[in-house]
Amino acid sequence: MTITSARIGVLGLGRLGACLARALAAAGVTQIAIAARERAVAERVGASIAGVQVVEAAALAQAADLVFVAVPDGQVSRAVASLQLSAAQSVVHLSGVLGLDSWAPASRRGALHPLQAFPRGAPATRFHGIYTGIEASDS
């Protein structure tokens with residue numbers, strides 16, 4: 001499987017989550033599902049990304065094999081638990097504070113820490129040429 005054929009979900013559509021969804025689409029990913037705490041936010045972001053599927057957070061696990069969690073640090077554990085992921089799915093949080101504790105029911109866990117500020121409405125190109133910290137489980 002390549003990144004462009006993967007089913008990817010983004011939970012949380014603030015500055016970083018929305019920019020990540022735009023960057024995934026710009027990179028050629030064709031199966032992107034997005035969800036936010038407020039459906040109106042997801043609809044607004046979804047309207048700006050061709051082909052993206054807007055879903056409720058509870059349905060994100062059914063729409064994606066890899067889920068990026070882009071919620072505030074204090075909400076990551078609760079957000080991941082609400083996804084009801086299977087052991088076959090992967091989850092990556094974008095918190096710059098948290099590591100790979102046992103917060104994820106998925107056996108494949110990761111953390112992506114972009115070393116970049118993301119202002120509201122940042123274009124997909126904001127990810128070009130930036131440094132990131134990456135941490136992942138062994139499986």
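Start by selecting residues 15-26, helix α1, and then show what packs over it. The cover on the buried residues of α1 includes the strands β1 (7-11), β2 (31-35), β4 (66-69) and β6 (108-114), along with the helix α2 (39-47). Keep in mind that you're looking at a predicted model.

How many of α1's 12 residues are buried? The count is 9, so to speak a mostly covered helix. To see them, pick Leu-16, Gly-17, Ala-18, Cys-19, Leu-20, Ala-21, Arg-22, Ala-23 and Leu-24.

Then step just past the helix and click Gly-28, where phi is positive, at about 100 degrees.

Next, zoom out and colour by secondary structure. The protein chain has 4 helices and 7 strands. Follow them from the N terminus and you'll read β-α-β-α-β-α-β-α-β-β-β. The radius of gyration is 14 Å, close to the 14 Å from the globule rule for 139 residues, so the protein chain is as compact as a globular protein of that length. Its C-alpha trace spans about 35 × 30 × 30 Å along the principal axes.

Buried residues make up 47% of the chain's 139.

Last stop: colour by charge. You'll find 11 positive and 8 negative side chains, with the centres of the two sets 7 Å apart.

How values were computed
Residues are numbered from 1 along each chain as its sequence is written. This is a predicted model: local features need pLDDT of at least 70, side-chain atom pairs count only at pLDDT 80 or more; totals for chains, interfaces and linings use all residues. Side-chain values use heavy atoms; hydrogens and water are left out. Helices (H or I, at least four residues) and strands (E, at least two) are DSSP runs, numbered from the N terminus. The radius of gyration is taken over C-alpha atoms; the globule rule is 2.2 Å times the number of residues to the power 0.38. Buried means under 20% relative accessible area, exposed over 50%, partly exposed in between (1.4 Å probe, protein chains only). Lys and Arg count as positive and Asp and Glu as negative; His and the chain ends are not counted. The place of a charge is taken as NZ of Lys, CZ of Arg, CG of Asp or CD of Glu. The expected span of a helix is 1.5 Å times one less than its number of residues. Contact means heavy atoms within 4.5 Å.
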